[in-house]
Amino acid sequence: MSETPARKGARIVDRPEFSSKFSPLTGQAGMTVFDAVAAMKAKNYGCIVITDMAGRVEGIVTERDIMFKLVGQNGDPTTVTLAQIMTRDIRMARETDNVVDWLRIMSNERFRRLPVVDSEGRLQALLTQGDFVSYTWPDLLHQASGLAKATILGQLHYIVIAVLVFALALVALTTLT
């Protein structure tokens, strides 16, 4: 993803929540699905990121991968490795990427987990679509508030005219009676 100039706080790394993210669960391609599921269960995580010995991301295995590629194929979790069921060639973000850009991409391409890597491709964090929603929620509220104010101010002349017409109608009614 190309780096575009962004306003302060729009980059992934600028979000205060980013520094408090839990470390992602990682494993290597030769790990059995059985061992990976045990680690996922212990941490209550929905996926495991597959990394090489240098920590560079090679793929990801989600609960969905386990269900469809292992359980759905009647595989043996004690012999099937993560390499056999992992999703390869996954999308990865950089810490300096724009939050809203990735929320849009994740929504359009229908994936929920996004590894954040450094310039060498080493895993720094794992963000979910829910993280991006919580990161952008304050901005969305601010934008909605601004839009509401602009709408009201844009319609202010109609409101003033309506009040004047009503006042004139009241004056006319009181004068006639």
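I take helices (H or I, at least four residues) and strands (E, at least two) as DSSP runs, numbered from the N terminus.

The model is a predicted one, in which local features need pLDDT of at least 70, side-chain atom pairs count only at pLDDT 80 or more, and totals for chains, interfaces and linings use all residues. Residues are numbered from 1 along each chain as its sequence is written, and side-chain values use heavy atoms, with hydrogens and water left out.

**Entry 1: the sheet.** I looked up an open sheet of three strands, ordered β5-β6-β7 with mixed pairing; two strands pair if DSSP finds at least two bridges between them. Its edge strands, β5 (93-94) and β7 (123-128), each pair on one side only. Between β6 (residues 113-117) and β7 I noted antiparallel pairing over five bridges. Leu114 has Leu127 in β7 as its bridge partner.

**Entry 2: the helix.** Helix α4 (residues 99-109) lies across β5, β6 and β7 and runs at about 140° to β6. Axes are lines fitted to C-alpha atoms, for helices over the stretch in contact (heavy atoms within 4.5 Å), and angles run from 0 to 180 degrees between N-to-C directions.

**Entry 3: the largest pocket.** A pocket is an open set of points on a 1 Å grid over the protein atoms alone, where a 1.4 Å probe fits, with protein on both sides within 12 Å along at least five of seven lines; lining residues have an atom within 4 Å of a point. Of the 18 lining residues, I recorded Thr62, Arg110, Phe111, Arg112 and Arg113 as the closest to the centre. β3 (57-62), α2 (63-70), α4 and β6 each supply at least two residues of this lining.
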